[in-house]
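Please look over the sequence and the three-dimensional structure shown here.

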Amino acid sequence: LAVVVLISGSGSNLQALIDGQQGGDLPIVIRAVISNVPDVRGLERAEAAGISTAVLNHRLFDDRAAFDTALMALIDSFDPALVVLAGFMRILTPDFVRHYLGRLLNIHPSLLPKYQGLHTHARALAAGDSEHGATVHFVTEELDGGPPILQARVPVLPDDDDDRLAARVLKQEHKIYPEAVRWFASGRLCLDPDKRARLDGKL
Ligand code: GRF
């Protein structure tokens, strides 16, 4: 399955996908890694794996629509069957989301629908939650509101701070994201016309 991965930073989720591809247990070919931020660690990870990289700096565009139009053209030049957002820190326009509907995945570091948006770990701590986690979901026009596919739960421990909790969640992200991509690549996962996620035909 031809995949394009979009990143903005460290790319540890990208690395989990690269490891899966290289280990042979993930039937994907990452055709390109695109970052909206220059010089990030994720680009180095892609280069180290021999994957094509591109930077499309959103700061060089007049507005969100112009950036997204250029991003779509760049992605489509690699003709992917799946676009994976892996720490891509940009809100996407409805046009973009519609263009990739059903083949656009994201991972969000919370147990959605809890804590959409930013600073999820701090918010879970501030709320005194006893558990926290991450969610893989299809991207729809509703920000962090698309249908969930797979969640991982972790306990919140008494001496947790932001970093410790984030690290515990991230470790689980590296398991569930490749798993969801594997489901999609093997044709087990799709978005149905009512915008609900189906695995093996079931909701
Ligand atoms: C992850 O926590 C992901 O859930 C969020 O951004 C972070 C990206 O980390 N969307 P990385 O770049 O994959 O290391």
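Predicted model: local features only at pLDDT ≥ 70, side-chain atom pairs only at ≥ 80, totals over all residues.

Residues are numbered from 1 along each chain as its sequence is written. Helices (H or I, at least four residues) and strands (E, at least two) are DSSP runs, numbered from the N terminus.

**Packing of α1 against α6**

- Helix α1 covers residues 12-23 and helix α6 covers residues 162-185; the two pack at an angle of about 50°, with their axes 9 Å apart. Axes are lines fitted to C-alpha atoms, for helices over the stretch in contact, and angles run from 0 to 180 degrees between N-to-C directions.
- This makes α1 oblique to α6. Angles under 35 degrees count as roughly parallel, over 145 as roughly antiparallel, 65 to 115 as roughly perpendicular and the rest as oblique.
- The crossing of α1 past α6 is right-handed. A crossing is right-handed if the near helix is turned clockwise from the far one by less than a right angle, and left-handed if anticlockwise.
- On the α1 side, the meeting residues are S12, N13, A16, L17 and G20, and on the α6 side they are L170, E173, H174, Y177, P178 and V181. Two residues are in contact if their C-beta atoms, placed from the backbone, lie within 7 Å.
- By class, this contact of α1 with α6 has six nonpolar, four polar and one charged residues. Here Ala, Val, Leu, Ile, Met, Phe, Trp, Tyr, Cys and Pro count as nonpolar, Asp, Glu, Lys and Arg as charged, and the others, Gly among them, as polar.

**Packing of α1 against α2**

- The axes of α1 and α2 come within 9 Å and cross at roughly 15°, which makes α1 roughly parallel to α2.
- The crossing of these two helices, α1 and α2, is right-handed.
- L14, Q15 and I18 of α1 form the contact with G42, R45 and A46 of α2. The residues of this contact of α1 with α2 divide into three nonpolar, two polar and one charged.

- In soluble globular proteins, nonpolar side chains tend to be buried together.
- The largest nonpolar core has 49 residues, of which V5, L6, L17, V84, A86, A180 and V181 touch the most other members. Helix α6 gives the most to this core, with eight residues.
- A nonpolar core is a set of buried Ala, Val, Leu, Ile, Met, Phe, Trp, Tyr and Cys residues joined through C-beta atoms within 7 Å. A residue is buried if 20 or more other C-beta atoms lie within 10 Å of its own, exposed if 12 or fewer, and partly exposed in between, with C-beta atoms placed from the backbone.
- Not counting residues up to four places away in sequence, V5 touches L14, L17, I30, V33, V84 and A86.

**The loop between β5 and α5**

- Most residues other than glycine have a negative phi, and most peptide bonds are trans.
- P113 lies in the loop between β5 (104-108) and α5 (120-126), and the peptide bond from L112 to P113 is cis, with omega near 15°.
- Y115, in the loop between β5 and α5, has a positive phi of about 55° although it is not a glycine.
- Y115 is buried, with 21 other C-beta atoms within 10 Å. Residues up to four places away in sequence aside, Y115 touches S110, T120, R123 and A124.
- H119 also has a positive phi of about 55° and is not a glycine; H119 lies in the loop between β5 and α5. With 13 C-beta neighbours inside 10 Å, H119 counts as partly exposed.

**Two further residues**

- I51 lies in the loop between α2 (41-48) and β3 (52-55) and is partly exposed, with 18 other C-beta atoms within 10 Å. Beyond its neighbours within four places in sequence, I51 is in contact with I30, A32, V33 and A46.
- A70 lies in helix α3 (residues 64-76) and is partly exposed, with 14 other C-beta atoms within 10 Å. A70 touches L56 and F61, not counting residues up to four places away in sequence.
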